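Here is a friendly walk through a few side-chain details. Please have the viewer open as you read on.

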Amino acid sequence: MKLFKSLLVAPATLGLLAPIAATANEVTINDFNAAEEIAVTNSRVDGLEARLNNFEAGSFSETTTASFSVDAVLGAVDGAGDTGDNSNESTSFDFQFNIGLSTSFTGEDSLDIAIDNGSATASTMGGKMGFDTGTSLTVDGVTYSFPLGGATMIVGDSTDLSTAFTGACTYSSFTDMTPDDCGTGNSMGAGGKGVTAAIGYAFDSGFSLAGGVTSGQSEILGDNADAFGVNAAYSADSYGVAVAYVSDDMGSGTDSKSFWGVNGYYTFDLASLSVGFETSDDGTTEKSGYFFGLSFPEVGPGSVNIAAATDALYADSATEYLVYEASYSYPVNDAMTITPGVFIQETSGDDLTGIAVKTSFSF
């Protein structure tokens with residue numbers, strides 16, 4: 001902008017000198033006040049600069065921010081899996097692109113919009129990583145949060161029931177096969193059914209409470225599938241624990257299905273241990289699953305994550321299948337992280353083995 005100002009001042013100064021040269025026989029040097037003329041010119045340039053800045057800021061919004069992320073994975077999977085025909089043996093490349101828009105109207109509220117797209121069709125590896133699919137940009141959720149007394153109220157479309165929940169999990173998963181939220185994805189990470197309203201309150205002591213309800217968009221709290229949940233959590237400097245309960249009526253004419261989940265972490269000098277346990281009960285069958293994960297935050301320039309978990313919830317009489325993963329996450333710079341990793345998924349056929357390199361960009 002200093003160069004821009006100089007380019008404006010130079011012609012303006014020449015414009016002032018030209019009339020003086022043309023009429024030198026009519027005026028004297030005392031009639032020309034250089035300091036005053038330059039001051040007027042600077043004032044006009046400053047005004048133009050201010051209007052230009054206002055235009056640049058207003059072209060988007062002074063209170064709106066945008067964040068972008070791109071994830072890409074190149075990997076190979078080997079093993080027949082449950083199909084038994086080696087159809088999962090492949091090498092592939094997948095990507096996903098995410099946009100987050102956030103704006104505030106009062107300084108205490110937040111309107112957030114998520115927009116996603118990805119590869120046209122997910123490969124076996126893309127499915128294991130949980131990548132978004134579809135080449136068209138799709139609005140993945142619209143959420144508005146605002147203070148309500150000392151609590152935070154959240155309402156939204158395509159918003160998770162657990163959006164106000166507080167978990168106690170420090171593990172960063174490599175694949176999507178280790179259930180979300182340290183094995184408590186159905187309770188602590190419960191999704192939404194369309195329209196969601198949730199509220200959370202955090203006490204100064206580290207204790208927090210939250211609850212939420214979600215319904216289909218066409219009929220709120222009607223005969224269609226609805227769900228509600230509650231959550232409590234406590235965190236301290238080196239440990240934390242959280243519990244959640246979710247009840248889903250599963251739609252008209254069916255019994256409700258309930259989920260209980262608990263997860264926690266403990267941080268040692270060199271690592272952090274995260275564990276999770278979840279149960280489900282549909283009135284007929286009770287199922288459960290578990291998770292163990294270790295995170296080493298400082299291994300050379302990056303961090304290491306190792307985990308073992310059931311890949312779903314299983315009844316006591318059913319055969320449990322586990323998934324194992326290990327990854328090393330290396331931040332190349334503030335906007336780019338490379339994460340190589342491996343995983344093994346037990347199946348009724350040949351176990352699936354995968355190796356991949358995921359690259360994540362944020363800007």
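Which side chain is joined to that of T103 by a polar contact? The partner is T63: in this predicted model, a polar contact of 3.2 Å links the side chains of T103 and T63.

T103 itself belongs to strand β2, which covers residues 90-103. Its relative accessibility is 12%, and because buried means under 20%, T103 counts as buried. If you set aside the neighbours within four places in sequence, the residues in contact with T103 are T63, T64, D109, S110 and L111.

Now for the aromatic rings. Searching the whole structure turns up eleven aromatic pairs. Two of them are set out here.

| Pair | Centre to centre | Angle between planes | Geometry |
|---|---|---|---|
| Y171 and F291 | 5.4 Å | 65° | edge-to-face |
| Y201 and F203 | 4.7 Å | 70° | edge-to-face |

Take Y171 and F291 to begin with. Y171 sits in the loop between β5 (151-157) and α4 (180-183), while F291 is in strand β12 (residues 286-299), so their pairing ties together parts that are 120 residues apart in sequence. Both Y171 and F291 are buried.

Are Y201 and F203 buried, exposed or in between? Y201 has a relative accessible area of 36%, so Y201 is partly exposed. F203 is also at 36% relative accessibility and counts as partly exposed. One aromatic cluster is formed by Y201, F203 and F207.

Conventions: Residues are numbered from 1 along each chain as its sequence is written. This is a predicted model: local features need pLDDT of at least 70, side-chain atom pairs count only at pLDDT 80 or more; totals for chains, interfaces and linings use all residues. Side-chain values use heavy atoms; hydrogens and water are left out. Helices (H or I, at least four residues) and strands (E, at least two) are DSSP runs, numbered from the N terminus. Buried means under 20% relative accessible area, exposed over 50%, partly exposed in between (1.4 Å probe, protein chains only). A polar contact is a pair of N or O atoms within 3.5 Å; within protein, one must be able to donate a hydrogen and the other to accept it, and residues adjacent in sequence count only if both atoms are side-chain atoms. Contact means heavy atoms within 4.5 Å. Rings of Phe, Tyr and Trp (its six-membered ring) pair if their centres lie within 6.5 Å; planes under 30 degrees apart count as stacked, over 60 as edge-to-face and the rest as tilted.
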